[in-house]
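Please open the structure in the viewer and keep the selection tool at hand.

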Amino acid sequence: MKKKHILITGASRGIGYQTALTLAQAGHRVTALARSGDKLRQLQDQAADNIEIHQSDLTDPEDLSSLTGKLTNKGINLDGLIHNAGLLINKPFTDLTDDDWYAMIEVNLMGPVRLTRSLLNLLNPGSHIVAISSMGGYQESSKFPGLSGYSSSKGSLNILTECLAKELTTHKISVNCLCLGAVQTEMLQKAFPGLQAPVTAKSMGRYISDFILDGHTYYNGKILPVALSDPG
């Protein structure tokens, strides 16, 4: 298989960390983004030759502009983009503030919007964009108290995926969305203390790494559930 260059957000922990590591250990080039520099450096230490790290906050326009400039100056072209960064605030609807809603929309929806727009000219023809969503945002799936903001923002990401798949056809870029069920991560434990998920971050990382490389051979513009159980 031809070696590819994949950019992934939210790569400092959990699913993003494991996906980046899997791709790098398979010999692919990875540009890993996250807000935590310490955890990114730990990731780089495990696969130094194939991972380049960037400490970036995708809600900060200056950070995004700086990232795009660095990649452009290095002459980097990408074959894949994984929108993995996410924010989950678990509160009853009546307790969610406007700031809570705006924070989740900024990370879960506007982050992918801005990053895709900024990096579009760096994506090679035949590239694959994968959005990591949630079963909470999947139509007619089980819904859970406390996740109205999170699920709504992820549902918006699903619709964005379908729209981008149509609009980026002329760029020869495929766009798909994976709606994940419960995966054993720090974010899940924080939102649902004591819950034991049936899937590990490492195994989901392997699945996503395979999908970013080959999934667009079979899918485009699809919202795909990837779940053994709820919540998502």
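Select Asp 100 first: at 11% relative accessibility, Asp 100 is buried (buried means under 20% relative accessible area, exposed over 50%, partly exposed in between, with a 1.4 Å probe and protein chains only). The model is predicted, so local features need pLDDT of at least 70 and side-chain atom pairs count only at pLDDT 80 or more, while totals for chains, interfaces and linings use all residues. Residues are numbered from 1 along each chain as its sequence is written, and side-chain values use heavy atoms, with hydrogens and water left out.

The term denotes a side-chain nitrogen of Lys or Arg within 4 Å of a carboxyl oxygen of Asp or Glu. Lys 91 is partly exposed, with a relative accessible area of 28%. The structure holds five salt bridges.

Next, select Arg 29, Glu 52 and Lys 74, which a network of salt bridges links. Glu 52 is buried at 14% relative accessible area, whereas Lys 74 is exposed at 53%. Between Lys 74 and Glu 52, the closest N and O atoms are 2.8 Å apart. Lys 74 lies in the loop between α3 (61–73) and β4 (78–83) and Glu 52 in strand β3, so this pair ties together parts 22 residues apart in sequence. Helices (H or I, at least four residues) and strands (E, at least two) are DSSP runs, numbered from the N terminus. The side chains of Arg 29 and Glu 52 meet at 3.6 Å, N to O.
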